[in-house]
Amino acid sequence: MSFNPFKERGIAVDKQLRNWQELNVKPYDKNEAHPYTKARIILMNGVEVEGAIFSHQFARNCNDPELKKQLALTRRVEQQQQKTINWLSPGDESPLETTIGYEQVAVDLTAFLAANVPDPYVKQVFDFGLLEDFDHLYRYANLLEMTQGVKAEKLVGKLTEITPGRPTIKEHRHPFDDVRKPMNRMAADPLTKLYTLTLVAGEQQTMNFYMNIGNTLQDQVGRGLYQEIAMIEEQHVTQYESLLDPQTPWIENALLHEYNECWLYWSFLQEETDRHVKPIWELHLGMELTHLQNLGKIAGKMGVDLDQVLPQSLPAPLQFKSQVNYVREILATQIDYNAFETEIGPPDQLPENRRYVECQDLLNAQGAPSEEVIKMNQRKNGQDYRLELAGQHPVKELRQKK
């Protein structure tokens with residue numbers, strides 16, 4: 001059933017601000033909430049944070065006082081949306097337990113996007129990042145078992161495997177090799193734009209979360225692991241944001257952000273099973289419809305042809321669903337891939353890269369926390385922690401558990 005966000009009735013903007021009692025929502029029960037309910041919350045938190053950051057940057061580069069007012073009004077509402085969503089996370093969920101949710105989002109979201117994105121180059125970039133986030137989930141799950149005695153399968157359900165991906169120690173590249181080729185906004189499929197913008201928001205939120213939460217751990221190996229993986233998330237944000245067309249005008253970029261939020265809230269309204277969370281998606285969708293429509297009117301006055309920028313009907317919904325088979329396929333065929341400048345592929349198809357070797361030698365000169373955490377958990381429990389749902393690891397060299 002088609003859904004035209006420009007025609008659907010939204011909530012009047014002067015009715016959108018809410019009081020503190022409405023914003024201070026009851027958090028989910030961490031032992032009862034479905035893993036993908038948590039995933040949707042994590043992603044939409046990141047999407048709203050991206051929206052706020054972008055809107056502030058737009059305002060700093062805008063000389064139209066009326067447009068600045070509209071940006072400020074919309075941004076205030078979306079900041080309330082972000083607070084509502086983020087406050088769904090309960091206080092008894094440890095930062096490390098929340099981290100497992102972040103990495104499950106990274107794995108299953110990236111896999112879904114990679115499997116469905118129209119652009120083959122963008123798909124390759126998504127697949128490349130996928131195997132790295134997959135390994136991060138494995139490292140954090142071992143830290144969780146070792147320090148808290150909690151098995152991550154309680155958090156991810158039988159939806160996402162936990163086993164080695166491209167080893168984190170091998171992911172540290174020179175910054176030049178994280179910049180990718182940008183799409184052409186006039187030629188790119190709208191789905192490619194939305195998928196990329198969504199993944200940028202998700203990875204940026206993960207980067208920010210690790211930047212601010214890693215120093216709250218007490219054990220040094222855990223603090224080191226957050227430092228190491230936070231730096232990889234910086235690389236991922238660099239690679240995904242570089243896919244976006246830098247020639248996109250500010251107003252067009254703003255439209256894409258609002259349209260993307262409409263699409264995601266509409267998607268999750270179709271998918272959500274939690275009766276307390278679903279009304280939040282519905283409410284926020286009503287707000288975002290008005291934001292998009294009002295911005296569309298402003299853009300029209302500025303000479304923007306909306307039909308050339310955005311599809312009139314929302315694409316098929318984004319879905320969180322188990323991606324075990326897809327991830328295993330990419331693991332089996334791309335585990336050794338690396339990057340040189342804008343290209344990704346197996347080492348024998350890339351130029352010799354001295355700067356990668358130098359980065360590896362410098363950063364890993366005395367080992368890496370991502371390796372140490374596995375060794376420590378193996379010593380404590382006799383083997384590393386894994387959740388392999390579809391048989392032994394598809395890569396023979398990564399099957400050793402002890």
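Me: Why are arginine 173 and glutamate 132 called buried?

Reply: Both arginine 173 and glutamate 132 are buried, which means that each has under 20% relative accessible area, where over 50% would be exposed and anything in between partly exposed (1.4 Å probe, protein chains only). This is a predicted model, in which local features need pLDDT of at least 70 and side-chain atom pairs count only at pLDDT 80 or more, whereas totals for chains, interfaces and linings use all residues. Residues are numbered from 1 along each chain as its sequence is written, and side-chain values use heavy atoms, with hydrogens and water left out.

Me: What makes arginine 173 and glutamate 132 a salt bridge?

Reply: The closest N and O atoms of arginine 173 and glutamate 132 are 2.8 Å apart, and a salt bridge requires a side-chain nitrogen of Lys or Arg within 4 Å of a carboxyl oxygen of Asp or Glu, so the pair qualifies. Through shared partners, salt bridges join Glu132, Arg166, Arg173 and Asp178 into one network.

Me: Why does the pair of lysine 38 and glutamate 93 count as a salt bridge?

Reply: Their closest N and O atoms lie 3.9 Å apart, which is within the cut-off, and therefore the pair counts. By this rule there are 21 salt bridges.

Me: Why is aspartate 127 called buried, and why is lysine 123 called partly exposed?

Reply: Aspartate 127 has a relative accessible area of 2%, so it is buried, whereas lysine 123, at 28%, is therefore partly exposed.
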